[in-house]
Amino acid sequence: MLDQLVSATIDGLTSGATLFLVAVGLSLIFGVLRVLNVAHGSFYAIGAFMAAVVWSLLGAAGLPSLLIYPGLVVIAIAVGIVIGPIIERCLLHWSFSVEPQSRREVIQLLATYAIFLILEDGQKLVFGTQPYYSGGALGLLGTTRIAGILHTNYQLLLIPLSGIVLLLLRLFLSKTRSGRCLIAVAEDAEVSATMGVRVTRMQTFSFTLGAVLAALGGALASPAIGVTIGIGADMVVLSFAVVAIAGLGQIEGTAVASILIGVAHSLTVFFLPILDTVSPYLIMLLVLLVRPMGLFGMQRQRSI
Amino acid sequence: MKAAPALEAEHLFLSFGGVQAVRDVSLTVATGEVLAIIGQNGAGKSTFLNMCTGYLRPERGAIRIAGCSIVGLKPRAIARLGVARAFQHPQIFPQRCVIDHLRFASAAARPGFWNPFRPLNSPQSAQDVLQLLAFFALDKLADQPVRGIPEGARKLLDVAMALALEPKLILLDEPTSGVSSAEKLGLMTRLVHALRARGVSAIFVEHDMDVVARFADRVAVWVEGAIFRVGSPEDVLSDPEVKEHVL
Amino acid sequence: MAAEGSPTEAESHHEHSSMRNALAETASPRQAPMRATGKLRVSALVTILAFCAALPFISPPDTFEFTIVLAVGLAGLGVALLLEAGLISFGHALFYGMGGYTVAALAPVFPRFGILLLLFGGGVGAIVAAIAGLFIVRYRGVFFAMLNLAISMVAYSVLLKSYAISGGSDGMVVQVQGLVGQALGPGAFGRALFYVCLGSVIVLGVLLQCYRRSPAGWGLGAIEDREIRIEYLGVSANRLLLQAYVISGFLGGFGGAVAASAVGHVAPDDFFWTTSTVLVVVAVLGGRGVVGPFLGAALYELLSIAAARYLSNSWEILLGAVILLVIRFAREGFAGLPDTWRAASLQWRRQ
């Protein structure tokens, strides 16, 4: 019983780690652009597909296996850098000037939803409908036995890796000039513009950064999952649940919420399998009932 | 037994972050009384109205409407108690036409609002709506979307909506700002006359001392979140200290 | 980083022109031409309805498609109704699927009373909407959209798992043999279903139009403009929204029930987000109002027929592109195109 508990918790932490990468990207984009990116799950899926393809290509080419891990990261960054700016500039940017604000929100939701549809079908065209497995990458780093159950070192490493990403992101936002500009735009785009912040550039940059984080989540998760059509749709709802629980735009909160969701999910898989797919949403429902702005979100009073 | 006053506020406190926006404010408005609030921008006047209508919750203190405590109630519940409000920046529906605003407000105050088969322009309220339009000289704009009408007309529409609710107490935040000075006095004369005829108690925030002197029963002077003086317009407006602080 | 919601100042209060100017500027009342366009609209509507009623005779083999257009239009009408409040639902497949599964479950009980089954489908949609709505109508914007999606995804996964009740991924066969007590042959049933559906569309359309003209219907649209003012008038915006949500649940359920009766089969895909996509596209493509979504559904059907012939592998790419084009260039949908064009040409002439 205790063994199972420990093992379920570790499983939850590893899945929470990749979930965090995706969700924090979603949160970042929302914080700066005020756009909920429905296409975010597709970035995750494309990252995963590309990683699986790279794995099989590099494996076939007979490259040393340890080169593959940096390859996963590089491919994720490449995916984000290529599709992020294109989508933001060409398909989303026009919507920032739509008035009134309530209409703008609907228009932007529809726009990212449309992008999501295009990317989902695009994946089918490019990668086909057969699932990809790159499970080989899991075993390369060996395994560790914790509480009597074997865990792959690869998955265990995801936990500190996500911690590092969180740390880097926090350092970037508070210590560097562009990071501070980003926060300023998130607080108030109009005022930042008058202070000389290049708002447009910041918006493109943060959308790209969010896309990179989502693709990274997908690339790192790909060895542990079957990469198949549809993972993007599931992921966008799941990462929205995380972000809603944390409060939109809360970075550390997103980490806590990802762990919460990850662990709760794996615990229900072990102990209450009926509820496994439903558990993240039940948690979201409970949290939102008690705190509509999420666990760490703050209500902003509008002036009237 | 004497009836409870229209509004009683006792020892209200509220701060935003470190700024003490309202400090120990106590104020009573008798039934049928018209009270003016004057003071510089940022003195806490609108904050006070926001607390009386449930938009902000005071940190300490009590507010009673006709003897009924309203602290913690939502704006909607307070509106249902017969408190109507008009805003400094008119809160109207930009895409809708003028007359529908009043039809809607009028329907909101009557039973049958939720009946899906009763049209918005029901004959029961048609007369009242036309009267209000004429009263505020909005009748020629009736079918215009409010997005395009001038600021003065928007303000009046906002006030007209508040009146359409047939309130017992009405809170008006600078009701005539944006209205030309030529029309201001005439409009206020009719407005206050209408309030008195219906026995509606009123608080209005105002910057024009002429208007205050002419129409208020009493004046409350606000300085830095607290009430500095309360009294009849003659006494208060001639007070040299008030002149120094406000004028 | 900041939480949601930036302070929105009141609308432009720059125009400090005086009252008198305004009165001088106002045009004379335009009552007469408005009444004329009203009459024109009614006669246009009657013509369209007459044409629709003749469709099964014009092209008998396509009766099934016509029925589906009406069914999807009804469900899309539910999405469009919420769009009036400035809210988009990405999960209306929930009600559509519920309506269909209700018919599938109850068809063995009332196999010859299809009309009853359709009403049950709508009723179950309304009940589910009332329950989910208690929670969902508290939220706006992205939360409203995504919570709808989340609830429909949960329903989908629950459905897949409860094999004993729902048949799992196989779905269920719907055996409706008649509509008002008589068993009908397949051809006659298809035609009868079409006319029942057309009749329902007319009745529901009239009822909905009544609702949209009532104070509550007007208030629903005002939510998009300025919710706080509605509250200050003593009206609960959440309750306005709940009323509309239940209506839209009924429409979704009814549409799903019609489609299930026509197809003769229900599957978990009816609950999947792809079905919600169809309803969103229909609502956005068609535009606001009662007629728009049916126009949207017809366009959608034409589009899907064309796509099946030429672009079978990139159907959703096409849908995505259509959404992008509509929100960019025809924000009020096809029903609003005349207005959009008028506004555009006005702007053009001004420049």
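Me: Which residue stands opposite B:S15 in β2(B)?
Reply: B:Q20 is the one opposite B:S15. Helices (H or I, at least four residues) and strands (E, at least two) are DSSP runs here, numbered from the N terminus. Two strands count as paired if DSSP finds at least two bridges between them.

Me: What kind of model is this?
Reply: It's a predicted model, where local features need pLDDT of at least 70 and side-chain atom pairs count only at pLDDT 80 or more, while totals for chains, interfaces and linings use all residues. Residues are numbered from 1 along each chain as its sequence is written, and chains are lettered from A, ligands numbered from 1, in the order in which they are written.

Me: Which non-glycine residue in chain B has a positive phi of about 50 degrees?
Reply: B:H11 does. B:H11 belongs to strand β1 (residues 7-16) of chain B.

Me: Is B:H11 buried or exposed?
Reply: B:H11 counts as exposed because it has 12 C-beta neighbours inside 10 Å. The cut-offs: buried is 20 or more other C-beta atoms within 10 Å of the residue's own, exposed is 12 or fewer, partly exposed is in between, and C-beta atoms are placed from the backbone.

Me: And what about the phi of B:A137?
Reply: B:A137 has a positive phi of about 55 degrees, and it's not a glycine either. B:A137 lies in the loop between α4 (123-135) and α5 (151-164) of chain B. With 19 other C-beta atoms within 10 Å, B:A137 is partly exposed.

Me: What sheet does β1 of chain B sit in?
Reply: An open sheet of four strands in the order β2-β1-β4-β5, with antiparallel pairing. The edges are β2 and β5 (68-69) of chain B, each pairing on one side only. β1(B) also pairs with β4 (residues 60-65) over five bridges, in the antiparallel sense, and B:A9 is opposite B:I63 in β4(B).

Me: What's the strand order in the six-strand sheet of chain B?
Reply: β6-β7-β8-β3-β9-β10, again an open sheet, with mixed pairing. β6 (83-86) and β10 (226-231) of chain B stand at the edges with a single partner strand each, so one side of each has no neighbour in the sheet. The twist averages 15 degrees from one strand to the next; angles run from 0 to 180 degrees between N-to-C directions, and axes are lines fitted to C-alpha atoms, for helices over the stretch in contact. β9 (residues 218-223) of chain B pairs with β10(B) over five bridges, antiparallel, and B:V221 has B:R229 in β10(B) as its bridge partner.

Me: Which strands does helix α1 of chain B lie across?
Reply: α1 (residues 45-52) lies across β3 (34-39), β6, β7 (169-173), β8 (201-205) and β9 of chain B, at about 150 degrees to β7(B).

Me: New topic: how many residues does each of chains B and C put into their contact?
Reply: Chain B gives 44 residues and chain C gives 34. Residues are in contact if their C-beta atoms, placed from the backbone, lie within 7 Å. On the chain C side, α9(C) brings the largest share, eleven residues.

Me: How do the axes of α3 of chain B and α9 of chain C cross?
Reply: α3 (residues 98-108) of chain B and α9 (residues 215-232) of chain C come within 10 Å and cross at roughly 120 degrees. That makes α3(B) and α9(C) oblique to each other; angles under 35 degrees count as roughly parallel, over 145 as roughly antiparallel, 65 to 115 as roughly perpendicular and the rest as oblique.

Me: Which residues in α3(B) meet α9(C)?
Reply: B:D100, B:F104, B:A107 and B:A108, and they meet C:P215, C:W218 and C:G219. By class, the residues of this contact of α3(B) with α9(C) are five nonpolar, one polar and one charged. Ala, Val, Leu, Ile, Met, Phe, Trp, Tyr, Cys and Pro count as nonpolar, Asp, Glu, Lys and Arg as charged, and the others, Gly among them, as polar.

Me: Last one: how many helices are there in chain C?
Reply: 14, along with two strands. Of the 351 residues in chain C, 50% are buried.

Terms used: Contact = placed C-beta atoms within 7 Å.
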